[in-house]
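The sequence and the model are shown first, and the description follows.

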Amino acid sequence: MLDGQQGSGVTSPPGHVVCNVGHLPTAHDEDLRATVRSSLDIMNELSEGDLDSHGATPGFMANLLCVLPKPGMRRPLLHPGWQSVKEVNLSVWTDEQAAASWYRKSHAHANIVADHQQGRLRTFGNLLLTLKPTKVVRQRRCRACAAVAEGLFTDRCPRCSAPTFELPAF
Ligand SMILES: [Zn+2]
């Protein structure tokens with residue numbers, strides 16, 4: 001998980017989500033290594049690459065990678081014995097233009113796309129979706145009475161006025 005825009009004061013709601021669900025049907029070791037390495041390279045670029053004056057990638061809010069193995073019936077001694085692996089990668093942006101601008105410049109993204117298209121990945125297939133939020137609701141929780149407080153910056157409970165737990169932008 002990588003949070004973007006920390007400390008930048010940007011409060012835009014999420015407006016564009018890139019969702020890539022990768023499937024490695026045999027839990028192929030080299031494909032798994034290459035795709036996870038690529039995701040980590042991408043997160044490094046997002047956190048250390050072409051940053052704005054606030055030290056953030058413009059428009060980037062968060063990136064979440066989940067690696068979900070399907071366990072096998074047998075478990076060999078020196079191998080996890082996975083039947084397959086799913087990789088769910090969510091990349092959250094303020095808007096489509098910011099995402100497109102970043103993807104056009106990313107070396108790490110270009111490298112894994114080239115591996116994918118030129119057959120260096122041997123088993124990896126994927127579902128690529130771009131998602132547009134239809135509603136954004138942020139709810140904080142009261143530290144004292146556990147009531148819900150609507151809003152990203154609602155730091156006092158509407159019921160008892162106690163402080164609420166903080167909530168990150170994503
Ligand atoms: Zn309360």
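## Terms and basis

Helices (H or I, at least four residues) and strands (E, at least two) are DSSP runs, numbered from the N terminus. The expected span of a helix is 1.5 Å times one less than its number of residues.

The model is predicted: local features need pLDDT of at least 70, side-chain atom pairs count only at pLDDT 80 or more, and totals for chains, interfaces and linings use all residues. Numbering starts from 1 along each chain as its sequence is written.

## Overall layout

Three helices and seven strands make up the secondary structure of the chain. Their order along the sequence is β-β-α-β-β-α-α-β-β-β.

Of the 170 residues, 20% are buried. A residue is buried if 20 or more other C-beta atoms lie within 10 Å of its own, exposed if 12 or fewer, and partly exposed in between, with C-beta atoms placed from the backbone.

## Two domains

An automatic or database domain assignment supplies the domain bounds. Domain 1 covers 2-131 and domain 2 covers 137-170. Their centres, taken over C-alpha atoms, are 31 Å apart. Seven residues from domain 1 and four residues from domain 2 take part in the contact, where two residues are in contact if their C-beta atoms, placed from the backbone, lie within 7 Å.

## Helix α1

Helix α1 spans residues 29-48, 20 residues in total. From first C-alpha to last it reaches 28 Å, close to the 28 Å expected at 1.5 Å a residue.

Its buried residues are D31, L32, T35, S39, I42 and L46. Viewed down the axis of α1, they fall within an arc of 105°, so they line one face of the helix; the arc is that of the directions from the helix axis to the C-beta atoms. The cover over these residues includes β1 (2-3), β2 (16-24), β3 (60-71), β4 (82-93) and α3 (107-117). D29, R33, N44 and E48 are exposed on the other side of α1.

## The loop at P76

P76 sits in the loop between β3 and β4. P76 counts as exposed because it has 8 C-beta neighbours inside 10 Å. P76 and K105 are 29 residues apart along the chain, and 42 Å separate their C-alpha atoms.
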